[in-house]
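Please consider the model shown below together with its sequence. The paragraphs that follow lead through its strands, its core and a few individual residues.

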Amino acid sequence: MDKLFSSNRIEVRKSSVHGWGVFAKSDIAKGDILEQSHGLFLDRKAYENSGQAALYCNCFAFPKDSAHAEVMIPFGFGCAYNTKETCNANWYFNEKERLIIFYTTNDVKAGEEIFIDYYTEFMDWEKKGKRI
């Protein structure tokens, strides 16, 4: 099996960078929304105490520096984006709708892997002695 999920613009398939990744099926312009992802929300303290280290690279924390923060494990393509030093996409959390918006920060060519930066947030929490 070479593909897991697919939409009209993006798909999840094997990546040469790390396991599976999200790829453009057609050219996507800078600033275009890739997806709006709902997800499963967990209390951050419960999550940190769960011992589920396998999930910590596939989740997002909101708000970043709050004692009452939640951890979100996104549905859809959200867990499949890889990261690297140079990214061609990013994300933000829509608090009102409680979903993550993934969008391109550069033009992306058909067949190109899409990378987001959640590594920076992960490293911020590693420095604070927390794993998310």
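How many bridges join strand 3 to strand 10, and in which sense do the two strands run? Two bridges join them, and the strands run antiparallel. Within this pairing, Val22 has Ile114 in strand 10 as its bridge partner. Strands are counted here as DSSP runs of E with at least two residues, helices as runs of H or I with at least four, and both are numbered from the N terminus. Two strands are said to pair if DSSP finds at least two bridges between them.

The model is predicted; local features need pLDDT of at least 70, side-chain atom pairs count only at pLDDT 80 or more, and totals for chains, interfaces and linings use all residues. Residues are numbered from 1 along each chain as its sequence is written, and side-chain values use heavy atoms, with hydrogens and water left out. The pLDDT is the predictor's confidence in each residue, on a scale from 0 to 100. The protein chain averages a pLDDT of 76, and 68% of the residues score at least 70. Confidence is lowest in strand 1 (residues 3–6), with a mean of 49, and highest in strand 10 (residues 113–114), at 94.

The protein chain contains two helices and ten strands. Along the sequence they follow the pattern β-β-β-β-β-α-β-β-β-β-β-α. Contact means heavy atoms within 4.5 Å. Among contacts in the protein chain with a separation of 6 or more, 63% are between residues 24 or more positions apart. Of the 132 residues, 39% count as buried; buried means under 20% relative accessible area, exposed means over 50%, and partly exposed lies in between (1.4 Å probe, protein chains only).

Strand 3 also has strand 2 as a partner: five bridges join the two, which run antiparallel. One of the facing pairs is Lys14 opposite Trp20 in strand 3. Strand 2 and strand 3 form a hairpin with five residues between them, and Gly19 in the turn has a positive phi of about 55°. Strand 3 is mostly covered, with four of its five residues buried.

A further antiparallel pair is made by strand 5 (residues 39–43) and strand 7, over five bridges. Here Gly39 stands opposite Pro74 in strand 7. Four of the five residues of strand 7 are buried, so strand 7 is largely enclosed by the rest of the structure.

An open sheet of three strands has the order 4-9-8, with antiparallel pairing. Strand 4 (33–37) and strand 8 (89–94) stand at the edges with a single partner strand each, so one side of each is left without a neighbour in the sheet. Neighbouring strands of this sheet are turned by 20° against each other on average, direction ignored, where the axes are lines fitted to C-alpha atoms and angles run from 0 to 180 degrees between N-to-C directions. Strand 8 and strand 9 (residues 99–104) pair over six bridges, and Asn94 has Leu99 in strand 9 as its bridge partner.

Arg98 is found in the loop between strand 8 and strand 9. Most residues other than glycine have a negative phi. Arg98 has a positive phi of about 55° although it is not a glycine, and at 35% relative accessibility Arg98 counts as partly exposed.

Thr104, in strand 9, is buried, with a relative accessible area of 1%. Leaving aside neighbours within four places in sequence, Thr104 is in contact with residues including Ile28, Leu34, Asn88 and Ala89. Thr86 lies in the loop between strand 7 (70–74) and strand 8 and is exposed, with a relative accessible area of 58%.

Finally, the interior. A nonpolar core is a set of buried Ala, Val, Leu, Ile, Met, Phe, Trp, Tyr and Cys residues joined through side-chain atoms within 4.5 Å. The largest such core has 19 residues, and those with the most contacts inside it are Ile10, Val22, Ile28, Leu34, Tyr81, Phe102 and Ile114. Strand 2 (10–14), strand 3 (20–24), strand 8 and strand 9 each supply at least two residues of this core, and the largest share, three residues, comes from strand 8. Not counting residues up to four places away in sequence, Ile10 touches residues including Val22, Ile28, Leu34, Tyr81 and Ile114.
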